[in-house]
Amino acid sequence: MPLAIVPDDSSRSRPPTQAPLTNTKYEVEFVAVGRAFASERRRHGAPVSGHLVVRDISLSIAPGEVVAILGASGCGKSTLLRIAAGLDSPSAGVVRIDGSPVAGVDARCAVAFQEPRLLPWRTLAGNVGLGLPRESRRQDAALRVAELLDLVELTAFANHRPREVSGGMAQRTSLARALARNPGVLLLDEPFGSLDALTRLKMQDLLLDVHAAAPTTVLLVTHDVDEALQLADRVVLLGTEPGREGATIREVLGVPGQRPRDRGSAELAELRATLLAGLGIDRHTH
């Protein structure tokens, strides 16, 4: 469920909601997590050989913190997100949320992928309502949906169907749906990957507003170094080590300054160069 915003929207035209939409924010802890996938099987299904994607991942994320995961394609970023959500199981180690292990699909998490995945026959409000807990009372549910649509600036389009709005609006609806059940952990997998440069910047600003209004714990997978520096409190760099299979944490870097940050900051520029070098892209020398 990706997130996007149409270029002509003014996502910074109003201040963030004053009263928090949620006080739920959980600690997330990866303890020696590894994941291997079988690549060949015998006739009866017994694995013969496999591919180790990630290994020895140990990381603690504080309640309300925003952490970005960077790394080359195929290094296991999305795998870690799926394990945290309970959509996949580790081959080794454990993930704990709020102190208790993840076992199966975890209701404490909400995941946003690259596609909005809205039901075409429902209105935007109806799609947001799908994320609400089943026990929600009708009146409370209506108020919650209205609150979330206001947060992502779609109140005027509440009764529109997905085919009647832009792709960016559909993707913002998916963000509101992910927040609907008050998740303690919001997992974002390349949420802005398909956006043009201007829309991406606007969406980053909107996400900062959303986090200010609903300060949940956020784990963000991205390929964009500048995006990570703009949004995250810390950036986790995944990579492989010579002679060893599977990616692991190469470096964890704190990002200085309060959000929203100055994109032209010299301090961020230096950190950007460090991250690019860690990804195998050295700065040009003259």
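**Entry 1: strand S7**

I began with strand S7 and found that 5 of its 5 residues are buried, so this strand is largely enclosed by the rest of the structure. Buried here means under 20% relative accessible area, with exposed being over 50% and partly exposed in between, for a 1.4 Å probe and counting protein chains only. Strands (E, at least two residues) and helices (H or I, at least four) are DSSP runs, numbered from the N terminus. I then looked up both faces of S7, and noted Val-185, Leu-187 and Asp-189 on one side and Leu-186 and Leu-188 on the other, all of them buried. In a regular strand the side chains alternate between the two faces of the sheet.

**Entry 2: what I am working with**

I noted that this is a predicted model, in which local features need pLDDT of at least 70 and side-chain atom pairs count only at pLDDT 80 or more, while totals for chains, interfaces and linings use all residues. Residues are numbered from 1 along each chain as its sequence is written, and side-chain values use heavy atoms, with hydrogens and water left out. The pLDDT, which is the predictor's confidence in each residue from 0 to 100, averages 84 over the chain, and 86% of the residues score at least 70. I marked residues 1-20 for caution, as pLDDT stays under 50 there. The chain has 286 residues, of which 49% count as buried, and I found 7 helices and 10 strands in it.

**Entry 3: the neighbours of S7**

I looked up which strands pair with S7, where pairing requires that DSSP finds at least two bridges between two strands. Strand S6 (residues 109-112) runs parallel to S7 and is joined to it by 4 bridges, with Val-111 having Leu-187 as its bridge partner. S7 also pairs with S8 in the parallel sense, over 5 bridges; here Leu-188 stands opposite Leu-220, and Leu-186 has Val-218 as its partner.

Going on to S8, I saw that 5 of its 5 residues are buried, so S8 is likewise largely enclosed by the rest of the structure. Thr-217, Leu-219 and Val-221 point one way from S8, whereas Val-218 and Leu-220 point the other way. S3 runs parallel to S8 and is joined to it by 4 bridges, and Ile-69 stands opposite Val-221.

**Entry 4: helix H5**

I next checked helix H5 (residues 197-213), whose 17 residues reach 25 Å from the first C-alpha to the last, close to the 24 Å expected; the expected span is 1.5 Å times one less than the number of residues. The buried ones include Met-203, Leu-206, Leu-207 and Val-210. I listed what covers them, and this includes strand S3 (66-70), H3, helix H4 (167-179), S7, S8 and helix H6 (225-231).

In H3 I picked out Leu-151, which counts as buried because its relative accessibility is 2%.

**Entry 5: the nonpolar cores**

Finally I looked up the nonpolar cores, which are sets of buried Ala, Val, Leu, Ile, Met, Phe, Trp, Tyr and Cys residues joined through side-chain atoms within 4.5 Å. The largest has 50 residues, and Leu-186 and Val-235 have the most contacts inside it. Apart from it lies another core of 29 residues, among them Leu-59, Leu-81, Phe-113 and Val-221. Contact means heavy atoms within 4.5 Å.
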